[in-house]
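Here is a friendly note to read alongside the structure. Please keep the view open as you go through the points.

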Amino acid sequence: MKTMTQSRISWFILWITFGLWFTPAAGSQMKARVAWTSFASNMSGTWVAQEEGPVQEERPGSRTGAYSIDILRAIQTLLAGELAYTYMDGRHLGAGKLKGADAVIIAGVANRLVFSFIARPEIKNFNDLKGKKIGITRLGSSTHSVTLWVMNKFGLKPDEYQMLQLVDVRIFFTAIVAGQIDAGALSPPTNFRARKAGLSELIDLSKDGPEYVSVAIGSTRSFIKNNER
């Protein structure tokens, strides 16, 4: 049975009106539908806009607003014309472009991986993760990509550990503490909580990881062309 938190994360959709002023002289306003792909601080711009007033809450069912969805589905929804903008990363954009997708990055948010790879206190290095359970949000997500990259970097093959899909990064912390999983890639502010709790930080990818467009805002060329002013 799913917990209330898991159910809310699986089905929760927050709808807000994202106002974009392209013709200030006329005072006109275009309303757009926007998605963020993780409950993390590096995607807080949408939340700040809501708290500060320019963005107003909207009920589900509207053609305008913003909601939470994983990167892969967000890009698919963007390409289907159901979104105007979404957060994305370089890996998924590149994969889409190779298949002829119309998606394009219009602004970078983070040019490094923002995750810390956190494990239970008794785990001191990546070799200790052989045969262990690693949390990811979903297959195809940023946490999935990070896990594959970092495990490969430290010499672990995919068949030497188990990945469990837990939907949201915030669940990783609780699951690690409870012993349900052994490690996972945590983003701010959840990794701050993990450090305070005495969990083992095996690597801080924001400092020791590769340069990589891990968070960006994207749209489609067709949408941008049709809405130029």
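**Notes on the fold**

1. Let's start with a helix. In α5, the buried residues include Ser142, Thr143, His144, Ser145, Val146, Thr147, Val150 and Met151. Buried means under 20% relative accessible area, exposed over 50%, and partly exposed in between, with a 1.4 Å probe and protein chains only. Helices (H or I, at least four residues) and strands (E, at least two) are DSSP runs, numbered from the N terminus.

2. A word on the model: it is predicted, so local features need pLDDT of at least 70 and side-chain atom pairs count only at pLDDT 80 or more, while totals for chains, interfaces and linings use all residues. Residues are numbered from 1 along each chain as its sequence is written, and side-chain values use heavy atoms, with hydrogens and water left out.

3. After α5 comes Gly155, with a positive phi near 85 degrees.

4. The largest nonpolar core has 22 residues, and Phe117, Phe126, Leu129, Ile134, Met151 and Leu202 have the most contacts inside it. Such a core is a set of buried Ala, Val, Leu, Ile, Met, Phe, Trp, Tyr and Cys residues joined through side-chain atoms within 4.5 Å. At least two of its residues come from each of β7 (116–119), α5 (142–153), β10 (183–186) and β11 (200–204). The largest share, 3 residues, is from α5.

5. Leu202 is worth a click. Leaving out residues up to four places away in sequence, Leu202 touches Phe117, Ala119, Ile123, Lys124, Asn125, Phe126 and Leu129; contact means heavy atoms within 4.5 Å.

6. A second, separate core has 12 residues, among them Phe172, Phe173, Ala175 and Leu199.

7. Two backbone details deserve a look. Most residues other than glycine have a negative phi, and most peptide bonds are trans. Val167, not a glycine, has a positive phi of about 75 degrees. Val167 sits in the loop between β9 (162–165) and α6 (169–178), and is partly exposed, with a relative accessible area of 23%. The peptide bond from Pro188 to Pro189 is cis, with omega near 0 degrees, and Pro189 lies in the loop between β10 and α7 (190–196).
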